[in-house]
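Hi everyone, thanks for making time this morning. I'd like to walk you through a structure, a few residues at a time.

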Amino acid sequence: QQGIEKPKGYRVSWHHNPLVERYHFGQLHPMKVWRLTLTKSLIMGYNMHHAMDVYSPPAATKEEIAAFHKEDYVEFLSVATPKNIAEMYPELAQPTGYSSAVYGVGDDCPIFDGLFEYCAYYSGASVDAARKLVNQQSDVALNWTGGLHHAKKGEASGFCYINDIVLAILELLTHHPRVLYIDIDVHHGDGVEQAFWSTDRVFCVSFHKYDKEVFFPGTGPLDSTGPIHPDNPGRNHTINVPLNDGITDQDYAYLFDYVIGAVTRHYDPTAIVLQCGADSLGHDRLGCFNLNIKGHGHCVQFCVDYCTKFKKPLLVLGGGGYTPRNVARAWAHETSVCIGAADLVDPTLPEHMPNREAFRREGMTLFPNLGGWRTQNLNTKADLDKIIRSVTEQLKYVRG
Ligand code: ZLM
Ligand code: CA
Ligand code: ZN
């Protein structure tokens, strides 16, 4: 893999603070921070870092975080420790732990050692990436440690504490009139949607498994398209694509190409932010889709092609992903897509990386078969067409 060089004509930057890798949500928690170490090892094992500007950005400051989040919440995150949490909120301490009534913390969002530093590192990387795009020092900026789309203004939710995506979009909005946000995590991008619900300067599109009351977070039905009030600028500036279990590469690409093709034509964004949650892959511990690495990567390829063609900046972020080796495979492949080297990488995995034995058992390939056998595709042609019709109708009311 000596052949990978800097792509001519456009610049790709990789924003990664290795200090994020030090933190742990807890032994049994599905969010494994070492998936980021594994991702980095694969990217570097393929020598792809030579084709990018590599930054190790500083932690986000409390002031930067306060651009979106409530100050009392930021203060709480910065002082809470596993030891003092029970003392601070004795009335809420329970035999099993602590109530999620306090700023959303609980089993999904535990208080672990160094929590705030962890948040500040992944958020700092997204803010840095957005700034490099705004300053035109980069054309495609990557932060695989970010993409934590559920965090609310004053509350943690779904493994997310600080919403680095909102912070990055706010940074882009200082120079860009229209930002398109696309979310391919298997979960609904509710925190980002909520933050920009009432503006036409951010258009949010999320593809997700939807089963109200059953699948987290339970929001994002097809008819949730922005505020109802006719005078609200955010009206029609949200698209939700609710999906059933088992969607395949082919059906997902069909929907993605149609929806994002139509949104880009109508809305004419000046920048794109793509959240690449890898829990939409087949075999994910929490997910239920049947996407392969290449099916997932197709969405990244679509955005790279569009942004290259129209010279628009692209911010690419991580997100969920609970089968760590596949997360690393997906994000390494998607890095190769961003640097224009997808056809150059050897599908046989590189020699030097952690978890070599486990990878070997899976065939030592970047593209294992993840489709097909856990659940069948429960999305019918009628389901897909209903989505297409709804999006087509909605976009009649959208002008960039
Ligand atoms: N219980 N431990 C996706 C965020 C998904 C809410 C059901 C907590 C889990 C899950 C945590 C070890 C993104 C819910 C779950 C148990 C209420 C969710 C800790 C297993 C464990 O074993 C576990 C004690 C934990 C959490 C499973 N939580 C699975 N699914 C979701 C949140 C985040 O990918 O979109 C972006 C990064 N939470 O379903 C409960 C309703 C809390
Ligand atoms: Ca999503
Ligand atoms: Zn997710």
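Predicted model: local features only at pLDDT ≥ 70, side-chain atom pairs only at ≥ 80, totals over all residues.

Let's start inside. The largest nonpolar core has 114 residues, and the members that touch the most others are Ala168, Tyr181, Val273, Leu274, Leu315 and Val316. Helix α5, residues 115–134, contributes the most to this core, with 12 residues. As general background, nonpolar side chains in soluble globular proteins tend to be buried together.

Take Leu315 as an example. Setting aside residues up to four places away in sequence, Leu315 touches Ala129, Ala130, Leu133, Ala141, Ala168 and Val273.

Ala168 brings us to helix α6, residues 164–173. Is this helix enclosed or open? Of its 10 residues, 8 are buried, so α6 is largely enclosed by the rest of the structure. The buried ones are Asp164, Ile165, Val166, Leu167, Ala168, Ile169, Glu171 and Leu172. If you look through those names, you'll spot Asp164 and Glu171 among the buried residues.

Val179 has 26 other C-beta atoms within 10 Å, so it counts as buried. Leaving out neighbours within four places in sequence, its contacts are Ile169, Leu172, Leu173, Arg201, Val202, Pro269, Ala271 and Val273. Tyr122, on the other hand, is 57 residues from Val179 along the chain, and their C-alpha atoms are 21 Å apart.

Now the ligand. How many residues surround ligand 1? There are 20, and the closest are Leu28, Gly158, His187, Phe216 and Gly320. Sorted by class, this shell has 7 nonpolar, 9 polar and 4 charged residues.

Hold on to Phe216 for a moment, please. A cis peptide bond joins Phe216 to Pro217, with omega at about -5°. Pro217 is in the loop between β7 (202–209) and β8 (238–243). For context, most peptide bonds are trans, and most residues other than glycine have a negative phi.

Asn47 has a positive phi, near 65°, and is not a glycine. You'll find Asn47 in the loop between α1 (34–45) and β2 (53–55). With 16 other C-beta atoms within 10 Å, Asn47 is partly exposed. His283 also has a positive phi, about 70°, without being a glycine. This histidine is in the loop between β9 (271–275) and α9 (293–309). His283 has 19 C-beta neighbours inside 10 Å and counts as partly exposed; the cut-off for buried is 20 or more.

Next, a helix pair. Two packed helices are described by the angle and the distance between their axes. Here, the axes of α8 (residues 249–267) and α12 (residues 381–395) come within 10 Å and cross at roughly 5°. That angle makes α8 roughly parallel to α12. Which residues make the contact? On the α8 side they are Asp251, Tyr254, Leu255, Tyr258, Val259, Ala262, Val263 and His266, and on the α12 side Leu384, Ile387, Ile388, Val391, Thr392 and Leu395. By class, that contact has 11 nonpolar, 2 polar and 1 charged residues.

Ser138 is in the loop between α5 and β5 (140–143). Is Ser138 buried or exposed? It counts as buried, with 26 C-beta neighbours inside 10 Å. Beyond its neighbours up to four places away in sequence, Ser138 touches Arg11, Val12, Ser13, Asp53, Lys132 and Leu133. Asp53 is 85 residues away along the chain, yet the C-alpha atoms of Ser138 and Asp53 are separated by 8.4 Å.

Then there is Gly340, in the loop between α10 (324–338) and α11 (356–361). Gly340 is buried too, with 20 other C-beta atoms within 10 Å. Gly340 and Gly189 are 151 residues apart in sequence, and 28 Å apart in space from C-alpha to C-alpha.

That's my tour, and I'm happy to go back to any part of it.

How values were computed: Residues numbered from 1 in each chain as written. Chains lettered and ligands numbered in written order. Core = buried A, V, L, I, M, F, W, Y, C linked by C-beta atoms within 7 Å. Buried ≥ 20, exposed ≤ 12 C-beta atoms within 10 Å, placed from the backbone. Helix = DSSP H or I, 4+ residues; strand = E, 2+ residues; numbered from the N terminus. Contact = placed C-beta atoms within 7 Å. Near = placed C-beta within 6 Å. Nonpolar A, V, L, I, M, F, W, Y, C, P; charged D, E, K, R; others polar. Axes fitted to C-alpha atoms, helices over the stretch in contact; angles between N-to-C directions. Parallel < 35°, antiparallel > 145°, perpendicular 65-115°, else oblique.
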